[in-house]
Amino acid sequence: MTEERYITVALAKGRLAKKSMELFAKMGIDCEEMNDPGTRKLIFANEEKKMRFFLAKANDVPTYVEYGAADIGIVGKDTIMEEGRSLYEVIDLGFGKCRMCVCGPKSAKQLLKNREQIRVATKYPNIAKTYFNNKKHQTVELIKLNGSIELAPIVGLSEVIVDIVETGSTLRENGLDVLEEICPLSARMVVNRVSMKMENERISRIIREMKELL
Ligand code: PRP
């Protein structure tokens with residue numbers, strides 16, 4: 001008899017991972033070791049259920065899943081859109097809710113309206129490019145940043161930003177506003193295309209049981 005292989009799950013480090021593990025725990029799949037705050041281990045197994053979990057940078061989760069190094073991934077819709085990988089998106093988990101928006105000072109509203117060639121700072125150049133080119137038919141200059149995006153319009157690096165807005169407090173505290181909404185976001189479960197066929201029974205069960213918890 002061939003031994004059952006592990007189903008591997010890649011989780012985006014941070015809040016999403018914590019929420020996801022709570023859901024798996026409710027399904028009777030947990031990894032004690034993962035709750036040890038001092039651990040530097042990167043991968044955790046539940047031997048009984050033949051499942052393993054690892055934590056990765058959010059941007060890398062779609063990569064692990066597309067290549068089949070993970071069968072399943074849990075990651076934000078923002079990252080899925082930005083990475084544009086070939087995956088099945090199977091569940092909207094409903095947590096990690098926020099919005100992708102064009103933000104800036106109120107004065108930039110006119111620049112958007114007039115379709116001027118503005119500079120757009122963002123951690124999400126693909127999402128920003130698709131939005132401005134395909135939806136708005138506006139040519140913009142994209143400036144890739146890696147964090148604290150709200151700084152860009154304040155110090156004159158760009159006219160607007162494309163970024164995630166959750167509570168809106170970062171914008172408020174920096175005198176910026178939402179100028180246009182691009183799309184709503186939340187955590188999603190994604191599945192590798194081959195795994196979906198080869199491990200259909202086990203993966204379908206995980207999807208079904210997880211949906212029942214939402
Ligand atoms: C995100 C995002 C905004 C902020 C929005 O940044 O880029 O800056 O959260 O949240 P709010 O609407 O609740 O204020 P994050 O904290 O992930 O850090 P970063 O700036 O390094 O990307």
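**Entry 1: I143**

I began with I143, which I found in strand β8 (residues 141-144). I note that the model is a predicted one.

Next I listed the contacts of I143, leaving aside neighbours within four places in sequence: R119, V120, A121, T122 and L157. I also looked up S158, which lies 15 residues from I143 in sequence, with a C-alpha to C-alpha separation of 7.8 Å.

**Entry 2: nonpolar cores**

I turned to the largest nonpolar core and recorded 39 residues in it. F24, F53 and M189 have the most contacts inside this core. Among the elements that each supply at least two of its residues are β1 (7-12), α1 (15-26), β3 (51-56), β11 (187-191) and α9 (200-213).

I looked up F53 in particular. Apart from neighbours within four places in sequence, F53 is in contact with V9, L11, M21, F24, I29, C31, M34, L42, I43 and F44. I also recorded a second, separate core of 19 residues, which includes V102, Y124, I127 and V160.

**Entry 3: helix α9**

I examined α9, a helix of 14 residues. From its first C-alpha to its last, α9 reaches 20 Å, close to the 20 Å expected at 1.5 Å a residue.

Which residues in α9 are buried? I found R202, I203, I206, I207 and M210. Viewed down the helix axis, the buried residues of α9 fall within an arc of 135°, so they line one face of the helix. On the other side of α9, I recorded E201 and E212 as exposed.

Definitions and conventions:
Residues numbered from 1 in each chain as written. Predicted model: local features only at pLDDT ≥ 70, side-chain atom pairs only at ≥ 80, totals over all residues. Heavy atoms only, no water. Core = buried A, V, L, I, M, F, W, Y, C linked by side-chain atoms within 4.5 Å. Buried < 20%, exposed > 50% of the residue type's maximum accessible area, 1.4 Å probe, protein only. Helix = DSSP H or I, 4+ residues; strand = E, 2+ residues; numbered from the N terminus. Contact = heavy atoms within 4.5 Å. Expected span 1.5 Å × (residues − 1). Arc of directions from axis to C-beta.
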